[in-house]
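Student: I'd like to go through this model with you, starting with the sheets and then the aromatic rings. Can you show it to me?

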Amino acid sequence: MEKLPDYSDRNAHEIDYRIYGEEMQYVEIELDPQEAVIAESGSFMMMDDGIKMDTIFGDGSQKDTGFLGKILGAGKRILTGESLFMTAFYNDLTGKRNVSFASPYPGKIIPIDLLEYGGKFICQKDAFLCAAKGVSVGIEFSKKLGRGLFGGEGFIMQKLEGDGMAFVHAGGTTAVKTLAAGETLRVDTGCIIGFTQGVDYDIEFVGGIKNSIFGGEGLFFAKLRGPGKVYIQSLPFSRLAGRVLASVPSGGKSKGEGSILGGLGDLLDGDNRF
């Protein structure tokens, strides 16, 4: 298990973890007695006996806001396309217990220690997987008109705040870039996983008639300016889904797999179950 640094003044629960797998990963969280972890619906994989599940409004980080405050806080999640509810997993017994969460598509799970990043990390709206209870999962609105109109997947992003451990997932291979003050990096908007709070994020026009009409890469890309750290994914889920949809046969006819025999080849290849 990966041990967190011993920061005795943490407000979030101090969880230990281990990440398994290469391309289809899952993270195993080790909970001490009375420790808890929160997760998005659908990310749960397995858990030991003695762990209690509880459905909560939002992330459960707001303790004294009252019922209306909790409703408003959870309601903001609708804007990111997420559920009003999250699931909390508590260790109610003595001794350590484990609970595991799986990445929803091929890629990597990235551990984020928020205390190391000044208490805040901004990520794509569907990147969050799970976190120690006490971490706040909110939304980061764009303050720039251009980013809001043309940012695509980057218009509304999630923000993870607190001093605990959080986990985000990404598609394909992950690249990490550390930007110095004033240093810039241009990225496809869908390829951003997240970045630290010191990074300035904006949208930039590709430019050029040929690039705009025939480039095939979209009209805008993200411009990230340091200082800070940027996490980038090689295969955004939207890109993967687009390729899959493009390959779906139209009219009930298969596009084939490149056989020179065409339809006759499909009859002979032995795989005609669908």
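Student: What is the strand order in the open sheet of three strands?

Tutor: Some ground rules come before the answer. This is a predicted model, where local features need pLDDT of at least 70 and side-chain atom pairs count only at pLDDT 80 or more, while totals for chains, interfaces and linings use all residues. Residues are numbered from 1 along each chain as its sequence is written, and side-chain values use heavy atoms, with hydrogens and water left out. Strands are DSSP runs of E, at least two residues, numbered from the N terminus, and two of them pair if DSSP finds at least two bridges between them. Here the order is β15-β18-β17, paired antiparallel. The edges are β15 (184–187) and β17 (200–205), each pairing on one side only.

Student: How many bridges join β15 to β18?

Tutor: Four, with β18 covering residues 220–225 and the two strands running antiparallel. To get your bearings, look for threonine 184, which sits opposite arginine 225 in β18.

Student: In what order do the six strands of the other open sheet come?

Tutor: Read them as β5-β6-β3-β10-β13-β8, again with antiparallel pairing. At the edges are β5 (51–57) and β8 (107–113), and each pairs on one side only. Within this sheet, β3 (residues 36–39) and β10 (residues 128–132) share three bridges, and valine 37 stands opposite alanine 132 in β10.

Student: On to the rings. How many aromatic pairs does the structure hold?

Tutor: Rings of Phe, Tyr and Trp (its six-membered ring) pair if their centres lie within 6.5 Å; planes under 30 degrees apart are stacked, over 60 edge-to-face, and the rest tilted. The structure holds seven such pairs. Take tyrosine 17 and phenylalanine 167: the centres are 5.0 Å apart and the planes at 75°, so this pair is edge-to-face. It ties together distant parts of the chain, with tyrosine 17 in β1 (residues 16–20) and phenylalanine 167 in β13 (residues 165–171), 150 residues apart.

Student: Are tyrosine 17 and phenylalanine 167 buried or exposed?

Tutor: Buried means under 20% relative accessible area, exposed over 50%, and partly exposed in between (1.4 Å probe, protein chains only). Tyrosine 17 is buried because its relative accessibility is 9%, and phenylalanine 167 is buried at 0%.

Student: Why is the pair of phenylalanine 195 and tyrosine 201 called tilted?

Tutor: Because their planes meet at 55°, with the centres 5.6 Å apart. Phenylalanine 195 is buried at 2%, and tyrosine 201 is buried at 3%.

Student: Which residues do ring pairs link into a cluster?

Tutor: Phe44, Phe89 and Phe101.
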